[in-house]
Amino acid sequence: MNRRICIDPVTRLEGHGRIDIRLDEEGNVDRAFFQVPDFKGFEKFCEGRAAEEMPTLTQKICGVCPTAHHIAGVKALDDLFGVAPPPAARTIRELMHLAFVFEDHLLHLFYLGGPDILVNGSACKAGKNVFGVFEELGAAVGRQAIAIRKKVRQLNALISGSALYPVCGLPGGVAQPVAETARQQIAATANEALAFARRLLPLFHEAVLKNNRFRKMARSHAFALRTYYMGLVDEANRVNFYDGRLRIVTPDGDTFVDFPAAAYLDHLREKAVRGSYMKILYLKALGWHGYLDGPASGMYRVGPLARLNAAAGMATPLAQREYERLFNAVGQKPAHNTLLYHWARLIEVLYAAERMVVLTDRPELSDAHVRNLPTQSPAEGVGVCEAPRGTLIHHYRTDTRAIVKQLNLLVATQNNAAAICLSVEKAARALIKNGAVTDRILNQVEMAYRAYDPCLACATH
Amino acid sequence: MVGARDPAIIAFLCHWCAYDGADAAGRARLELPCGVHEVRVMCSGQIDSGMVLKAFEEGADGVMVLGCEPGDCHYKEGNVHAMKRMALLRAVLQSTRLDVRRIRLEWVAAGDGDRYARVVREMAAEIRKLGPVFKPSSQDNHGR
Amino acid sequence: MAAKPKIAFYWCAGCGGCEESIIDMAEELLSVAEQADIVFWPVVLDARYGDLEALPDKEIDAAFINGAIRLDEHVRMVRLLRRKSKCIVAHGTCAHLGGVIGLANWHSPRQLLECAFRQMPSMDDPSGALPGDDPPDDEQEPPLPKLLPAVRSLAQVVPVDAFIPGCPPPPETMAAVITDVIHGRLPASGTVFALRKALCHQCPRVDSKPDAIEITRFKRLYNTSWDPEVCFLPQGLICLGPVTRGGCEARCIRANMPCRGCFGPTERIDDFGAGAMALIASMMAGGDETALDRLVDSIADPAGLMYRYSLATSVLGKGPDR
């Protein structure tokens, strides 16, 4: 008899999803489908709105990554109006973005995907959560993690109004400067963040990278996909979250293409999927061949592991050292095992903290001049940034009164949509045999998507 | 709402001018369309968008605000307030499904029954052409 | 020994911001988890819908629901939660008023889907099938929940006991209400956890707000500089603080940006947009129709500005005729 297993809803991620697994007569997986039952229509209902409202309106797509939308949106406005922000504003924006990346990645480690790898493998369903993590790691670590996230989010509130709802972005700058007194507080927080990241890495090594169960899964083909990888890089091909060019490498690590985000339509395509509201992005040059990985398929990935794969290194020393450590441990680059996203994410936490310290040291941070007013008539603009979960592109077309006529949003997790679906199916196939299904096995199947840190409200908007 | 096919129109009439105009139309036995519900207010400036929207919510297909000519307002500038509100409401309605022709601001002088009759007849004809504003539906659960 | 109170959290067409607001309780969240039994919270715990369905009716002391009602599945879920819970608290602007998701009500579901899945310049097949359009041909895929004809607020679908406004609500407010609930102090029916009065009462710039404001042309944020210490309104920039409930400590104003009304209307206002229109009309200078039309024209997207958060609960957002 054919059996059907439903994981409904998927948990410990942002958004709605369900996994539908069909077993054949032998009890092996015939098909596993990852459905995203969520859709709001931002791309339609933002039409007719004033362009300057886009950074705060589009960030309602996601309350977990509002800052990413705010940044991509404000950069699209810069492009739309042909106005560049003064150095202080650029520094402020990058600082707020990295502060957000830092604490959002930690949200994933402690609250979302992290419980899978931090809580003892035999723990039942009731223990796989942040409360279980704090029990496992100890109350002290838990308190520190909570405290540093709170401080960093307060840093963002200081700059942008609220970490939950940043409002400071304007074309050509930000709404207000950072006072010299605030700078001291910000610098203190940045240094505390770095200290925490430095303590966290060895803890992660002990608790996760030396854990046999994790090591086995991180080496298993069940969790590996040989895909292309994409991320923003600076002029030295190092990971950059705020700006740069988009670089795509092949599954073997060769440069495939390198382009400015404004040219995204030449390289990326979207397709609709019947049965789910999440659109799939794939590489135009290779085309869509179904849920397949490999060099002939247009499937690619974004986010922490992909960014490290697509780049030649990290721009800060401690993160660079850890980056080298990861690829030495794996023995090759690109690294294809999805569970390594967890490690790559922490490397980015370290980078974000180091970079925050660098930015808070910059003299222009407390400059009074934070806005250049637009002088040109608006027409079209593209803004890009690396959201924690992947590349985020905002594309606006307006009339001369800056009323939005069309907007196109390519949002982070969408770039991973095909890979997430394939990862889940591949893991299910490998782990579910002869009808044997336990909570533990289903949790491992879920680990195949959780490592990506999916944001499904973002991916469907 | 009224079972007949007559469009339901709420007409807010200012006491000092428009209401007197309506009265005059009545005394002269001028032909007036059915379905126009007259509501007397002291000044056209009293009517804000909230009242207009409430009228639509309660089943009106059209809403009129009739006041004194500019310069003749009993309260000096009440009708100017009405002008401002209606100008803004018209701009807002452009983005909505509520056709802007369903609201109308007109001046009717005291005693001008002819003008009153013409204005409400024009409105009724317009609303009849536009049809009912919301079709009733059993699926609509507006339970609040 | 008394059983721990049971609470649940659920998101409809939400964005996770309301969850973040709860997670921002920081250490206090750990106390909540100790003192209460969180039976369902998809972002943090592994409970499934089946676990919820298995609970006896009225077993949950309070269910906190955020997000707008956008899909048929949301209606099913909130009705389930209503049955299983003694108390339902709508938190966040989407549950309270429909939120920005309600802006979709100026379009039909078909228009929303056509735009996203066919008209975007990056879509590969402008005539391809839309999600949920045809039934799956070989029954391989689970049925996809459908869009309702219009977005609804929570109270338009199930009786709601209390509301916590804000997009998202301040973490301090969430913390206070959740703490009360787990100590047995359920909110009185109809409570709105925000000020009854306008945001101006919390605004650091209120002293610079004049009694009479005369604007001949409204300005737009993108090409205007403004005084960061002075009320936005006399500077010609629209701030909706005067018609918005206070409770957020004017967080946007303190970031030098005007209020956009996410806490919803003050107690005396029914339709937020109508209240906003009254505010703006009261500031308009000029007396002849041409000047007034030009003045109104200087407001970019008045409808979107004034109904940004509340369209779903306005007659103007009633959704397409059927």
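**Exercise 1.** Work out how many bridges join strand 3 (residues 62-67) of chain B to strand 4 of chain B.

*Solution.* Strand 3 and strand 4 of chain B run parallel and are joined by 5 bridges, where strands are DSSP runs of E of at least two residues, numbered from the N terminus, and two strands pair if DSSP finds at least two bridges between them. Within this pairing, V63(B) stands opposite I103(B) in strand 4 of chain B. This is a predicted model, in which local features need pLDDT of at least 70 and side-chain atom pairs count only at pLDDT 80 or more, while totals for chains, interfaces and linings use all residues. Residues are numbered from 1 along each chain as its sequence is written, and chains are lettered from A and ligands numbered from 1 in the order in which they are written.

**Exercise 2.** Find which strands stand at the edges of the open sheet in chain B.

*Solution.* The open sheet has 4 strands in the order 2-1-3-4, with parallel pairing. Strand 2 (36-41) and strand 4 (103-107) of chain B stand at the edges, each with a single partner strand, so one side of each is left without a neighbour in the sheet. From one strand to the next, the twist averages 20°.

**Exercise 3.** Determine how helix 11 of chain A is directed relative to helix 12 of chain A.

*Solution.* The axes of helix 11 (residues 317-330) and helix 12 (residues 341-361) of chain A come within 8 Å and cross at roughly 165°, the axes being lines fitted to C-alpha atoms over the stretch in contact, with angles running from 0 to 180 degrees between N-to-C directions; helices are DSSP runs of H or I of at least four residues. Helix 11 of chain A is therefore roughly antiparallel to helix 12 of chain A, a term for angles over 145 degrees.

Methods. Angles under 35 degrees count as roughly parallel, over 145 as roughly antiparallel, 65 to 115 as roughly perpendicular and the rest as oblique.
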